[in-house]
Amino acid sequence: MVSRIEHHAVAIIATIAVAAYCWVYTRPDADPPIRSDGYNYYLYAASWVVYHDATLEAVANDWNGGAYADFAGMIRWPGTGRWINRIPIGVSVLMLPFVVSAHLLSGWSNLPKDGFSFYYQHAAGLAGLLYFIAGLWLVRNTLRRHFQPSVSLVTLVVLTFGTDLFHYGVNEPTFSHAFSFALVAALLALCDRFWSPAGWSTRHSIALGLVAGLIVLVRHTNVVLLLLLPMWRLDAWRLLPARRRDLGVAAIAAATIVAPQLVYYHWATGSWFVNAYAVHGVHFTLMSPHLAGALVSTQRGLFFWSPVLLCAVPGIVFARGWVLDIRAGALIVLGINAWIIASWSEWQYGAAFGHRAFIDCFPILAMFLAEGFAWLMDHPRLVPTTAIAITLATALSVAQMIQYWHHIWPTRDITWDQYRALFLTFR
Amino acid sequence: MSRTRLLRAGIVFVLLGAAVAYLHDPPWAGQITSGMRDWEEDPPGMRFRWTAGRASFFVPANATSMTLPLRAVFPGKDGNPVVVRVSVDDRWLADVALPDSSAWVRPTLPLPRRGTRRFRRIDLHINRAVVGAFVLGVMTGEISLQ
């Protein structure tokens, strides 16, 4: 029975996600899917597909009298006068098939072929939703190789509903997180296969390179997650020279997919490598990270807003077998990633539900979650209490997400007093 | 390919074909707008929506003309009037000049003969937009159809 439910778990979650998407976007006061940062992520796709323009001038001219609204933070680069988008092209690249479909369908239905009308909005939104589901499917496949169906099922449910993943797959799907989640899930699956005794081909090397390149294209700082490959096992880095052909093919594929971003940066600014955020006054403070703020605070703390993730702790401490093999490397990668996230001067990542920046590494965290659940199941005395606690923590996360959807929570700087005052209030 | 797979592929093909045929002239197109903010009211009783630099909406295909209230609010570049280019189903219909930015202009525009669809798409292109927190083109009032 559990095995059958687990087999269909991703399909069941997908059905719930589509229903929630329909509910969110048919409310009278619904914002369109392409909004806030999602506008910047999507902007390239509209510019390329609808306006056949890589300079971002045509959208500005047609929609905004030659400029962009303040919220987009678009600037003309000093010296060249060309538009620079602080956000890279990766999400738009991943959205392309959806946006091309929307463009063709808009012509067929006689809807405006303007890049932002009905079909484009939902093509972009459903793209994020689909990548979220694809990510879950990839996580499930990796879990099933190493864990019992019951562990895989609990992990998928807890990861989806006990964290902010569902929110960023359904309500703000044009942000980068659903896309990064899917790519990192693919990276994890490819790393697992790369270090398996057999079954690796040139096709896999190309896939690894494309996934690695896209991870960097979607969010540049996620380049640290690529360390997962050489750090997969403690002895992995010593074995890398023997895999230089595979790595060479992957590197060529990665360079090919990253190249258009570098060309755009060079065209717009005269430099191949650009921190497009620098002109907005945000930066890294690597020597004074807000680790407590990013991990446990009421403002944005990962474990405060998604307490069920604490179940990963026994998975880390009591890791066995395959998880023990990958534990050290994965923890180093997660640690560096957390340090970088907490070092961003805007460490709350703007208006958000939970700490959205950590979603990108959830596929890695899911392995420790699963190991934690496996450990708990081996200790039957702990099961009743922890099952109740996990259910309550997951239900709390869903309730708080619905509160966020109803604009109950302040968008940032939530204090303990505010949290207590608004706890489980829905009006 | 097994018979079951062939049957499934056939069903998917038929459903996709039906969806594509349905979407050629969707009955809900009349409710679609693009590039227009929510309705506002100022003064009481005067409803309007701001456009961006471009906007689109639909009118029933059996309408023979429409009266389209427009108001610039912000003046055009170098003191020139704001001009709104109106097109129907991608064909130019009229250029409406708004020389007095504070006054409503209510041109009545003849619509071409009915096509094969339920609705006609009206596109507005404004020759200047004011950009700040939002992008503001012109105010459009409630359209009356004849």
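In which hand, left-handed or right-handed, does α6(A) pass α9(A)? The crossing is left-handed, where left-handed means that the near helix is turned anticlockwise from the far one by less than a right angle, and right-handed that it is turned clockwise. This is a predicted model, in which local features need pLDDT of at least 70 and side-chain atom pairs count only at pLDDT 80 or more, while totals for chains, interfaces and linings use all residues. Residues are numbered from 1 along each chain as its sequence is written, and chains are lettered from A and ligands numbered from 1 in the order in which they are written. Helices (H or I, at least four residues) and strands (E, at least two) are DSSP runs, numbered from the N terminus.

**Where chains A and B meet**

- 22 residues of chain B are in contact with 19 residues of chain A; contact means that the C-beta atoms, placed from the backbone, lie within 7 Å.
- On the side of chain A that touches chain B, α4 (57-64) and α5 (90-109) each supply at least two residues.
- That side of chain A has eleven nonpolar, five polar and three charged residues.
- Ala, Val, Leu, Ile, Met, Phe, Trp, Tyr, Cys and Pro count as nonpolar, Asp, Glu, Lys and Arg as charged, and the others, Gly among them, as polar.

**Helix α6 of chain A and its partners**

- Helix α6 (residues 118-146) of chain A and helix α9 (residues 177-194) of chain A have axes that come within 7 Å and cross at roughly 25°.
- Axes here are lines fitted to C-alpha atoms, for helices over the stretch in contact, and angles run from 0 to 180 degrees between N-to-C directions.
- α6(A) and α9(A) are therefore roughly parallel to each other.
- Angles under 35 degrees count as roughly parallel, over 145 as roughly antiparallel, 65 to 115 as roughly perpendicular and the rest as oblique.
- Residues of α6(A) in this contact include Gly128(A), Tyr131(A), Phe132(A) and Arg145(A), and those of α9(A) include Phe179(A), Phe181(A), Ala185(A) and Asp192(A).
- The contact of α6(A) with α9(A) has 13 nonpolar, four polar and two charged residues.
- Helix α2 (residues 9-25) of chain A also packs with α6(A): their axes come within 10 Å and cross at roughly 160°.
- α2(A) and α6(A) are therefore roughly antiparallel to each other.
- Their crossing is right-handed.
- Among the residues that meet are Ile13(A), Ala17(A) and Tyr21(A) in α2(A), and Leu129(A), Phe132(A) and Trp137(A) in α6(A).
- This contact of α2(A) with α6(A) has twelve nonpolar residues, with one polar and one charged.

**Helices α5 and α10 of chain A**

- The axes of α5(A) and helix α10 (residues 202-218) of chain A are 6 Å apart, at an angle of about 120°.
- That makes α5(A) oblique to α10(A).
- Gly90(A), Val91(A), Val93(A) and Leu94(A) in α5(A) meet Leu214(A), Leu217(A) and Val218(A) in α10(A).
- Six of these residues are nonpolar, one is polar and none is charged.

**Strands of chain B**

- Strands β6 (residues 82-88) and β7 (residues 91-98) of chain B pair in the antiparallel sense over seven bridges; two strands pair if DSSP finds at least two bridges between them.
- Arg85(B) has Asp95(B) in β7(B) as its bridge partner, and Val83(B) has Ala97(B).
- β6(B) and β7(B) form a hairpin with two residues between them, and Asp89(B) in the turn has a positive phi of about 45°.
- β6(B) also runs antiparallel to strand β9 (residues 119-126) of chain B, joined by five bridges.
- Val86(B) is bridged to Leu124(B) in β9(B).
- Elsewhere in chain B, three strands form an open sheet in the order β8-β4-β13, with antiparallel pairing.
- Its edge strands, β8 (108-110) and β13 (144-145) of chain B, each pair on one side only.
- Strand β4 (residues 65-67) of chain B is joined to β8(B) by three bridges, and Met66(B) stands opposite Leu109(B).

**Domains of chain B**

- Chain B is divided into domain 1 (1-26) and domain 2 (32-145), with bounds from an automatic or database domain assignment.
- The centres of the two domains of chain B, taken over C-alpha atoms, are separated by 40 Å.

**Backbone exceptions**

- Most residues other than glycine have a negative phi, and most peptide bonds are trans.
- Ser36(A) is not a glycine, yet has a positive phi of about 50°.
- Ser36(A) is in the loop between α2 and α3 (37-49) of chain A.
- Asp42(B) and Pro43(B) are joined by a cis peptide bond, with omega about -5°.
- Pro43(B) lies in the loop between β2 (40-41) and β3 (47-60) of chain B.

Notes: Contact = placed C-beta atoms within 7 Å.
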